[in-house]
Amino acid sequence: MSQDTPSPSPPSAHHPTSDVQLQVRQVFKEFPTAAGPLAILKGIDFEMQAGESLAITGPSGSGKSTLLQMLGTLDQPTSGEIVINGQQPFALSERELARFRNRTIGFVFQEHYLLPQYSVLENVLLPTLAFNDGQDSRQRAQELLRRVQLEHRLEHRPAELSGGERQRVAVARALINRPTLLLCDEPTGSLDQGTAGAVGELLMELHSSEPTIYIAVTHSLELAATFGRRFELREGLCYEL
Ligand SMILES: Nc1ncnc2c1ncn2[C@@H]1O[C@H](COP(=O)(O)OP(=O)(O)OP(=O)(O)O)[C@@H](O)[C@H]1O
Ligand SMILES: [Mg+2]
């Protein structure tokens, strides 16, 4: 396949309605180890529509981050299929996949991963630089930073912010390209309880005001309770609660 030709979408057999933006079919994941393949996910199946939110819980080591990485197209299933917006991301070339990920997926991790040498505003704008399509990113960045209540911190460096403020910058950065999927891996895991609650509320509020699919891995049952859907991962399988 040539680098810049988009690959065709799969036929519509997998599209029960046009609202279904995420389909996960019989996803298995094994890691090779010295002792042989280690099966972590053993047939995950679900689909989600625009506007839905999902909390994924489960014991440590159950494969939550592994699943999120695959939903984020950062890693491939051993077998099975992930379809996002009708696209099978792993059929894309490396360059197409990078572009697809950049436009379609927003990540928030437990650690903020802001770049220390850049200002708050620049950090939020970083995802718009790689594949700039001429939209007014600066205005959107300022609007998002207003919504996470950091409009008075635009020129600060990450080191000059509190933990909760840094995480709010990471939230704005995740949303700058209007992703289809907002994926969060323990987004409030390194914050104190009060700040965690505030960041959790903020994420849900931003999700509600834009038609994203919002998926968060969390150990917090309090945070999970605010989601429309809840899954528990156990022994490689996914149980909807
Ligand atoms: N690259 C890898 N190679 C081998 N094993 C791996 C690899 N990545 C993850 N694993 C194993 O897969 C299992 C699931 O890991 P994962 O990070 O998805 O768990 P988790 O549910 O996110 O746990 P936690 O709640 O502690 O973050 C773990 O037992 C881990 O050791
Ligand atoms: Mg994890």
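Predicted model: local features only at pLDDT ≥ 70, side-chain atom pairs only at ≥ 80, totals over all residues.
The protein chain comes with seven helices and nine strands. Its radius of gyration is 18 Å, close to the 18 Å that the globule rule gives for 241 residues, so the chain is as compact as a globular protein of that length.

**Overall dimensions and contacts**

- Burial comes to 36% of the 241 residues in the protein chain.
- Take the contacts in the protein chain with a separation of 6 or more: 72% of them are between residues 24 or more positions apart.

**Helix 5 against helix 6**

- Helix 5 covers residues 163–175 and helix 6 covers residues 193–209; their axes sit 10 Å apart, at an angle of about 15°.
- Angles under 35 degrees count as roughly parallel, and helix 5 and helix 6 are therefore roughly parallel to each other.
- As for handedness, helix 5 and helix 6 make a right-handed crossing.
- On the helix 5 side, the residues in this contact are Gly163, Gly164, Gln167, Arg168, Val171 and Leu175.
- Helix 6 meets them with Thr195, Ala198, Val199, Leu202, Leu203 and Leu206.
- Sorted by class, the contact between helix 5 and helix 6 holds seven nonpolar, four polar and one charged residues.

**Helix 3 and its surroundings**

- Helix 3 runs over residues 120–129, and its axis comes within 7 Å of the axis of helix 5, with a crossing of roughly 30°.
- The crossing of helix 3 with helix 5 is right-handed.
- Helix 3 brings Val120, Asn123, Val124, Leu126 and Pro127 to this contact, where they meet Val169, Ala172 and Arg173 of helix 5.
- The class count for helix 3 with helix 5 is six nonpolar, one polar and one charged residues.
- Looking at burial within helix 3, the buried residues are Val120, Asn123, Val124, Leu125 and Pro127.
- The cover over those buried residues of helix 3 includes helix 2 (94–104), helix 4 (137–147) and helix 5.

**Ile56, a buried strand residue**

- You'll find Ile56 in strand 3, which takes in residues 53–57.
- Ile56 has 25 other C-beta atoms within 10 Å; the cut-off for buried is 20 or more, so Ile56 counts as buried.
- Leaving out residues up to four places away in sequence, Ile56 touches Lys64, Leu67, Ile215, Val217, Phe231 and Leu233.
- Glu232 is 176 residues away from Ile56 along the chain, yet their C-alpha atoms are separated by 5.8 Å.

**Gly228, a partly exposed loop residue**

- Gly228 is in the loop between helix 7 (221–224) and strand 8 (229–234).
- Gly228 has 13 C-beta neighbours inside 10 Å, so it counts as partly exposed.
- Setting aside residues up to four places away in sequence, Gly228 touches Glu52 and Ser53.
- Gly228 and Gly51 are 177 residues apart along the chain, with 9.6 Å between their C-alpha atoms.

Notes:
Residues numbered from 1 in each chain as written. Chains lettered and ligands numbered in written order. Helix = DSSP H or I, 4+ residues; strand = E, 2+ residues; numbered from the N terminus. Rg over C-alpha atoms; globule rule 2.2 N^0.38 Å. Buried ≥ 20, exposed ≤ 12 C-beta atoms within 10 Å, placed from the backbone. Contact = placed C-beta atoms within 7 Å. Axes fitted to C-alpha atoms, helices over the stretch in contact; angles between N-to-C directions. Parallel < 35°, antiparallel > 145°, perpendicular 65-115°, else oblique. Left-handed = near helix turned anticlockwise from the far one by under 90°. Nonpolar A, V, L, I, M, F, W, Y, C, P; charged D, E, K, R; others polar.
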